[in-house]
Amino acid sequence: MLMFPKIHLKPEVETYLRSVFKNKELLTSLGSEVCDVKFEALLRRLSHPPAFSSVRVNTSLVSVDHVKKLLTEEIRKECKGCPVEDIRILEHPKIPDVILIPNIGPRENLQRHSFEVIVGAQCGNAVLRGAHVFIPGIVSAPKLMKAGDIVSVYSDVHGECKRGAKEYKGVKVFVGNGIAELSRKEIFSSNGTLSQGNRSIHRGDRSSRSRRSKPPHRDNRSSLVWAVEAPATWSSRSRDSELAPRC
């Protein structure tokens, strides 16, 4: 189900991608109008997070089955109060050392709260993949916001919100809810006492969820697994096979 507006690209980038998409073969087969409809549908889908998160297993140190068990245990430990029984960790059907973790969502009926926090587009994308919000990602927060308040998080998709604003009326996309760990004053403090790595909004319980997210798990076994996008792994494998010596 499509929940977000189409991906926002620079006009020249969108024009170039459209020209590549509408190649001679597709134009001959479908015609220009149908090609345009399909391209617009693609742009809308590209603004949504993927259905799966993927990790690659270091099979020289551990088996895929063992990592699946470790991840299942960790997700159940981290995801208290979430329906983890529906989360099935899968093996990629074509890439034997890649594991797929189904993402949660879409959540269509999340409550919108009166306190609105605006984050940059990159931060908003990360929230949809299950991330917390950190200080550098926040561009606007309500004047009266304090630690412990439940807030709704919106992404400034066009990058037009001024940092430090108390509210924003421009184009924004709702990405989820969270609990503020810092007040507005602490977030925008200029005295240098806050680390730029401080987490300022977390999503810990049922009242603080993003519209789509991956099941929470810590990437603390970097020698055994590491996060990777499946297409990147497929590309590297294809490249390796092209470079392999032929007899």
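**Exercise 1. Place Leu224 in the fold: which residues does Leu224 touch, not counting residues up to four places away in sequence?**

Solution.
Step 1. Leu224 touches Arg56, Val57, Asn58, Leu61, Val62 and Leu70, leaving aside residues up to four places away in sequence; a contact means heavy atoms within 4.5 Å.
Step 2. Leu224 itself lies in the loop between β9 and β10 (225-227). Helices (H or I, at least four residues) and strands (E, at least two) are DSSP runs, numbered from the N terminus.
Step 3. Leu224 and Val55 are 169 residues apart in sequence, and their C-alpha atoms are 9.9 Å apart in space.

The model is predicted: local features need pLDDT of at least 70, side-chain atom pairs count only at pLDDT 80 or more, and totals for chains, interfaces and linings use all residues. Residues are numbered from 1 along each chain as its sequence is written, and side-chain values use heavy atoms, with hydrogens and water left out.

**Exercise 2. State what confidence the model carries, and where confidence is lowest and highest.**

Solution.
Step 1. pLDDT is the predictor's confidence in each residue, from 0 to 100. The mean pLDDT of the protein is 80, and 76% of its residues reach 70 or more.
Step 2. Confidence is lowest in strand β9 (residues 199-202), with a mean of 60, and highest in β4, at 95.
Step 3. Over residues 191-197 the pLDDT is below 50, and this stretch has 8 contacts in the model beyond near neighbours in sequence.
Step 4. Residues 204-208 also stay under 50 in pLDDT; the model has 11 contacts for them beyond four places in sequence.

**Exercise 3. Describe the protein as a whole: how many helices and strands does the secondary structure come to?**

Solution.
Step 1. The secondary structure comes to 7 helices and 10 strands.
Step 2. Of the 247 residues in the protein, 40% are buried. Buried means under 20% relative accessible area, exposed over 50%, and partly exposed in between (1.4 Å probe, protein chains only).
Step 3. Among contacts between residues at least 6 apart in sequence, 75% join residues at least 24 apart.
Step 4. The accessible surface comes to about 14,800 Å², and 54% of this belongs to carbon and sulfur atoms. Accessible areas come from the Shrake-Rupley method with a 1.4 Å probe; for residues, only the protein chains shown count as cover.

**Exercise 4. Find the buried face of helix α5: which of its residues are buried, and what covers them?**

Solution.
Step 1. In helix α5 (residues 121-128), the buried residues are Cys123, Gly124, Val127 and Leu128.
Step 2. Seen down the axis of α5, these residues fall within an arc of 145°, so they line one face of the helix. The arc is that of the directions from the helix axis to the C-beta atoms.
Step 3. An α-helix has 3.6 residues a turn, so residues three or four places apart point the same way.
Step 4. The cover over the buried residues of α5 includes β4 (116-120), β5 (133-134), β7 (150-156) and β8 (173-180).
Step 5. Just after α5, Gly130 has a positive phi of about 105°.

**Exercise 5. Trace the salt bridges of Arg18: which residues belong to the network?**

Solution.
Step 1. A salt bridge is a side-chain nitrogen of Lys or Arg within 4 Å of a carboxyl oxygen of Asp or Glu. By this rule the count comes to 9.
Step 2. Arg18 and Asp36 meet in a salt bridge at 3.2 Å, N to O. This pair links distant parts of the chain, with Arg18 in helix α1 and Asp36 in helix α3 (residues 32-46), 18 residues apart.
Step 3. Glu40 also forms a salt bridge with Arg18, with the closest N and O atoms 2.7 Å apart. Glu40 lies in helix α3 and Arg18 in helix α1, so the pair ties together parts 22 residues apart in sequence.
Step 4. Asp36 is partly exposed at 24% relative accessible area, and Glu40 is partly exposed at 26%.
Step 5. Lys172 and Glu116 form another salt bridge, the closest N and O atoms being 2.6 Å apart. Lys172 lies in the loop between β7 and β8 and Glu116 in strand β4, so the pair ties together parts 56 residues apart in sequence.
Step 6. Salt bridges that share partners join Glu14, Arg18, Lys22, Asp36 and Glu40 into one network.
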